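Please read it alongside the sequence and the structure shown here.

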Amino acid sequence: MPTNPLSPTRADLLRELQQRVDDRVLEPTNATLLRKLIERADTDDEAIAVAALGTTYKRTGFHFDVRLERLTTDIRYLHRNPALSFTTNPTALTHRLIIGDNYEALQNLLIQYRGQVDVIYIDPPYGKDSMGEFAHTNYENAITRDNLLSMLYPRLVLARQLLADTGVIFCSIDDKNQAYVKCLFDELFGERNFVANFIWKKKQGGGNDTKFVVAEHEYVIMYARNQDTFQIGKDLLYKTDDKLYPFHDAKGDYGLITLDKASIQFSQSLVYEIVDKKGNSYYPRVVNGKQSCWRWGKQKVKEQFEELVFKNGKVYTKYYRPIGITPRSLLVDAVYGRTESGKDDLASIFRRVSFDYPKPKALLSHLISLNPNKSSLILDFFAGSGTTGHAVLELNRKDGGKRKFILCQLNEKTDTTPNGIAYDVTTKRLKRIMTGKCYDGTADFPWIKTNEPYGDNLEVTEIDRVFNAEATASKTPFDVIDETLYGQQPFTTMREKIEWVCQHFQHAQKAVENDSDWEKRKRDLDHATRS
């Protein structure tokens, strides 16, 4: 197959190499040697392997066992599920749900969406019940979280390539793993692109789930793809104190602040007479024996005279209630949702909650709205119950936005989801809130009684596999892969189709080590160390 166009070019590798030097991660002399080796490499794959040597010493000094990629003989590709897909209006927005391993989903998304995703939100499995015995914290040797970190690492590498240059990624995490996951993000996205560490209050007090301290919060870490081009919007959920805005006019709620101030630097030029419409004269006051001065000069008073308020022998200016404020890192008010409100969101759609610890829609709406682009593309590759999709639909309704979502969810089976989470929860939630009906046509869930369906369309695809050398008629990779699922118009000739598949699906043959491979490698390394 030809060189994969989705792989970094040698120019990309050299730029990243220089960035490591600029960040003082890599010694200039070592970079010079690596640069020569990259330029003289026989193949791009060899150049990539050489560039990887420059990351042996991590930026943060943080080390863990990274699961390795390996080539397989199968191609992973998207296959449309017509039974779960639906259209409410051919001219409406079309959102996407991919059912399957999110690593393979991300590989396929790169074919169409490289550098196009505006917002990524993930809520990876970080509890011990989800991750098994290796998730137990061992503070005597706590620098590794191999199950979580090695699972996240290759997925974040792909996610980073999907992000637009102005994009942003959010990751929910608990307090036991926050420090380690943040180090991982520092490695992959760069410390300079760290934006915020939000503290989200997940419960409203009460409870006693520990013998020491009740954990009432979790974290959401936020990184820009490129802080030089990144932009952030206002916090539209922040509740301002009504007492600060006791008055109202055509522009909105407002408060008053005196025009004269003794606390600012005194200037004689700002001491002058102001005459109101009734002919009354006003001068800056003497406050505690100190002569104050006006905050505005004569010209500004003249230009904005109608904004002045003359009251109680004083001159005031108005300050209006802001529409949103600069985002704050403490998300402690109930307006940002709680774990219980996340359960309430689901209970109104399913009656019985069949998903543990769903994030509240209000939290996701807030995070997504911090991207000022109302036509943004939103990705969640740990979609769970589908809260991110729900939040996108509601935001669009509130502000007339045209945001689209892409969700990825493994169809993991549990005691409460015998058919799998994607089949029993994610798809059904989206179907009900978008169309007002279940897949069986019934509409007997509480949500529909107080809400209007959002509309829009949903394309559901699943990850399928085909042997790369399959030659059976109608079953070859060139027959089964549907280019229209990747934003391509149907090819008119098989030659075009073959060229396109060969160019774009080489990377879809890469797999991450499975658990048995990984454990065997660790045992071999442990044995070699002891020997």
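Strand 2 (residues 74-80) runs antiparallel to strand 21 and is joined to it by 7 bridges. Within this pairing, Tyr-77 has Asp-464 of strand 21 as its bridge partner. Strand 3 (residues 94-99) is parallel to strand 21, with 6 bridges between them, and Thr-94 is opposite Asn-457. Of the 11 residues in strand 21 (residues 457-467), 8 are buried (buried: under 20% relative accessible area; exposed: over 50%; partly exposed: in between; 1.4 Å probe, protein chains only). Helices (H or I, at least four residues) and strands (E, at least two) are DSSP runs numbered from the N terminus, and two strands pair if DSSP finds at least two bridges between them.

The model is predicted: local features need pLDDT of at least 70, side-chain atom pairs count only at pLDDT 80 or more, and totals for chains, interfaces and linings use all residues. Residues are numbered from 1 along each chain as its sequence is written, and side-chain values use heavy atoms, with hydrogens and water left out.

| Strands | Sense | Bridges |
|---|---|---|
| strand 2 and strand 21 | antiparallel | 7 bridges |
| strand 3 and strand 21 | parallel | 6 bridges |
| strand 9 and strand 17 | antiparallel | 5 bridges |
| strand 16 and strand 17 | antiparallel | 3 bridges |

Leu-256 stands opposite Lys-318 of strand 17, and Val-309 has Tyr-316 as its bridge partner in that strand. The hairpin of strand 16 and strand 17 has 2 residues between the strands, and Asn-312 there has a positive phi near 55 degrees.

Helix 1 (residues 10-22) packs on helix 3 (residues 44-52) at an angle of about 5 degrees, with the axes 10 Å apart. Helix 1 is therefore roughly parallel to helix 3 (angles under 35 degrees count as roughly parallel, over 145 as roughly antiparallel, 65 to 115 as roughly perpendicular and the rest as oblique). Axes are lines fitted to C-alpha atoms, for helices over the stretch in contact, and angles run from 0 to 180 degrees between N-to-C directions. Arg-10, Leu-13 and Arg-20 of helix 1 meet Asp-44, Ala-47, Ile-48 and Ala-51 of helix 3 (contact: heavy atoms within 4.5 Å).

Asn-193 is in the loop between helix 7 (178-189) and strand 6 (194-201). Asn-193 is buried, with a relative accessible area of 7%. Asn-226 is 33 residues away from Asn-193 in sequence, yet their C-alpha atoms are 6.1 Å apart. A polar atom of the Asn-193 side chain lies 2.8 Å from the backbone nitrogen of Gln-227.

Note on methods
Polar contact = N/O pair within 3.5 Å; in protein donor to acceptor, adjacent residues only side chain to side chain.
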